[in-house]
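Visitor: I have not looked at this one before. Can you walk me through it?

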Amino acid sequence: KRIEVYQVSVANLIDQNVVWDSSGPGIYEHDSSHQVFAHNLVGRCGSGIVLHGQMTTRRIGDHEPEYGMHLVRNNLLFRNRWGNAFGGKPSKVTGTVSEGVSIEFNRESLELTLSATNRLSRCELMPEVIRDFFGRSRPGSNTVAGPFEPLPAQPTVFKLWRGLLPDTAQP
């Protein structure tokens with residue numbers, strides 16, 4: 001029900017995820033550094049993003065652990081109950097949006113109904129994330145927060161999962 005990152009010091013790109021209705025944080029990290037959290041949608045969770053930094057004294061291999069220094073960019077946070085928390089050495093947080101959208105989620109059909117208002121600001125495109133959740137190109141040098149591009153002005157249904165695909169390699 002949430003994205004969890006523990007004891008990682010090699011950069012990973014955690015992007016294009018939808019986390020909905022978690023009782024705790026939608027994205028949670030501790031004892032890690034240099035992670036990239038980008039273009040995720042976290043809605044109706046306890047908190048949006050909680051990056052604790054150091055929680056234990058464990059070592060990863062034989063080097064001195066580092067904490068924090070994450071890159072948090074272009075995430076869409078919707079009606080989470082509490083705020084975000086960023087521990088450890090300062091992380092770079094830009095382009096994260098929590099206003100200007102309307103979202104409903106149907107758990108049975110795995111469909112989001114989403115619309116944006118004209119208040120939704122544009123974000124700088126990340127070279128690591130040039131496509132959206134569905135593989136569509138993010139054109140230009142600016143994009144929108146969250147996993148979907150473009151964000152429609154009128155309520156639009158996004159089917160998040162279409163089911164298992166047949167294995168065409170099998171006879």
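Visitor: Is Trp20 buried or exposed?
Guide: This is a predicted model. In it, Trp20 has a relative accessible area of 11%, so Trp20 is buried, the limit being under 20%.

Visitor: And Phe105, what does that count as?
Guide: Phe105 is partly exposed, at 22% relative accessibility.

Visitor: How many aromatic pairs are there in the whole structure?
Guide: A search finds eight. One of them joins Trp20 and Phe105, with ring centres 5.9 Å apart. Their planes stand at 50°, so this pair is tilted.

Visitor: Which parts does that pair tie together?
Guide: Trp20 belongs to strand E3 (residues 18-20) and Phe105 to strand E12 (residues 101-106), so the pair ties together parts 85 residues apart in sequence.

Visitor: Which residues do ring pairs link into a cluster?
Guide: Phe133, Phe134, Phe148 and Phe158.

Visitor: Switching to sheets. What is the strand order in the open sheet of four strands?
Guide: The order is E2-E5-E8-E11, and the pairing is parallel. Strand E2 (13-15) and strand E11 (92-94) are the edge strands, each pairing on one side only. From one strand to the next, the twist averages 10°.

Visitor: How many bridges join E2 and E5?
Guide: Three, in the parallel sense, with strand E5 covering residues 36-38. Opposite Asp15 stands Ala38 in E5.

Visitor: Back to rings. Which ring does the charged end of Arg81 sit over?
Guide: That of Trp82, at 5.6 Å from the ring centre.

Visitor: What about Arg2, which face does Arg2 lie over?
Guide: Arg2 lies over the face of Tyr28, 4.8 Å from the ring centre.

Technical notes: Residues numbered from 1 in each chain as written. Predicted model: local features only at pLDDT ≥ 70, side-chain atom pairs only at ≥ 80, totals over all residues. Heavy atoms only, no water. Pairing = 2+ DSSP bridges. Helix = DSSP H or I, 4+ residues; strand = E, 2+ residues; numbered from the N terminus. Axes fitted to C-alpha atoms, helices over the stretch in contact; angles between N-to-C directions. Phe/Tyr/Trp six-rings, centres within 6.5 Å; stacked < 30°, edge-to-face > 60°. Buried < 20%, exposed > 50% of the residue type's maximum accessible area, 1.4 Å probe, protein only. Lys NZ or Arg CZ within 6 Å of the ring centre and 35° of its normal.
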